Amino acid sequence: MAFNTFYNEILTDHNMHPGNKHKIEDPTYELEGVNPSCGDDIVLQLKVSDDDTIEDAAFVGDGCAISQASADMMCDLIKGQKKEEALRLGDIFLRMIKGEASQEEIDELDEAGCLVDISHMPARVKCAVLGWHTLDEIFKKNS
């Protein structure tokens, strides 16, 4: 029960007070991610330095609490990381949602690890992974 309370507090906080839901001036990369099954829609923006460090990450858009909170947590986690590390964290997140990540890996996700039980809610999986898939696509399209 304590985990459910923790999960709800983190999710609610990131949904109601997203610190990364704004536009970045002159982003290096920008890509829209859409979940057609429920209407979640975000535009992820990244400012990346010449040495592949993510200097800033933000998003704008609309969607359910899970999609918005997950994108906000992802932005918190990847700021200051190198591109390769951000992609590695994204891989851990996606494996966590599939039930394939170790507890040590989940711990690396910081607050985003609270979404571990989304795997038991199939209708919400696409909501949780929208930002993370968009991050992956940004780097695939720009590599």
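The expected span of a helix is 1.5 Å times one less than its number of residues. I start my notes from that rule, keeping in mind that what I am reading is a predicted model.

**Helix α3**

I applied the rule to α3, whose 15 residues reach 21 Å from the first C-alpha to the last, close to the 21 Å expected at 1.5 Å a residue. I then listed the buried residues of α3 and found K83, A86, L89, G90, I92, F93, L94, M96 and I97. What do these buried residues pack against? I traced them to β3, α2, α4 and α5. Just after α3 I noted G99, which takes a positive phi of about 80 degrees.

**The core around F93**

I next looked up the largest nonpolar core, which holds 42 residues, and asked which of them touch the most other members. They are L46 and F93. The elements that give two or more residues to this core are the helices α1 (2–16), α2 (65–78), α3 (83–97) and α5 (122–141), together with the strands β1 (29–35), β2 (40–48) and β3 (54–62). For F93 I set aside residues up to four places away in sequence, and was left with S70, L109, A112, L115, A128, V129 and W132 as the residues it touches.

**Helix α2**

I checked the length of α2 in the same manner: at 1.5 Å a residue its 14 residues should span 20 Å, and its end C-alpha atoms are 20 Å apart, which agrees. Since 12 of those 14 residues are buried, I describe α2 as largely enclosed by the rest of the structure. The buried set that I wrote down is I66, S67, Q68, A69, S70, A71, D72, M73, M74, C75, L77 and I78. I took I66 from this helix for a closer look, and with a relative accessibility of 6% I66 counts as buried, because the cut-off for that class is under 20%. I also compared its position with that of A128, which is 62 residues away along the chain, and found the two C-alpha atoms separated by 5.7 Å. After α2 comes G80, whose phi is positive, near 85 degrees.

**The strands**

I moved to β1 and sorted its residues by face: Y29, L31, G33 and N35 make up the covered face, while E30, E32 and V34 make up the uncovered one. I recalled here that in a regular strand the side chains alternate between the two faces of the sheet. β1 runs antiparallel to β2, and 7 bridges join them; in one of the positions I looked up, L31 has L44 of β2 as its bridge partner. The hairpin of β1 and β2 has 4 residues between the strands, and within this hairpin G39 takes a positive phi near 90 degrees.

I then followed β2 to β3, where the pairing is antiparallel over 8 bridges, and where Q45 stands opposite A58 of β3. These two strands also form a hairpin, with 5 residues between them, and D52 in the turn has a positive phi of about 70 degrees.

The side chain of E105 reaches the backbone nitrogen of S102 at 2.9 Å. Leaving out neighbours within four places in sequence, I recorded contacts of E105 with I92, R95 and E100.

M121 sits in the loop between α4 and α5, and at a relative accessible area of 32% M121 is partly exposed. I looked up its separation from I97, which is 24 residues apart in sequence and 9.9 Å apart in space, C-alpha to C-alpha.

**Cysteines**

How many disulfides does a search of the whole structure find? I got 0. C64 is in no disulfide, and the nearest cysteine sulfur, that of C127, is 3.6 Å away, a separation I set against the limit of within 2.5 Å for a disulfide. C64 counts as buried at 18% relative accessibility. C114 is likewise in no disulfide, with the nearest cysteine sulfur, that of C64, 13 Å away, and C114 is buried with a relative accessible area of 2%.

Definitions and conventions: Residues numbered from 1 in each chain as written. Heavy atoms only, no water. Core = buried A, V, L, I, M, F, W, Y, C linked by side-chain atoms within 4.5 Å. Buried < 20%, exposed > 50% of the residue type's maximum accessible area, 1.4 Å probe, protein only. Contact = heavy atoms within 4.5 Å. Pairing = 2+ DSSP bridges. Polar contact = N/O pair within 3.5 Å; in protein donor to acceptor, adjacent residues only side chain to side chain.
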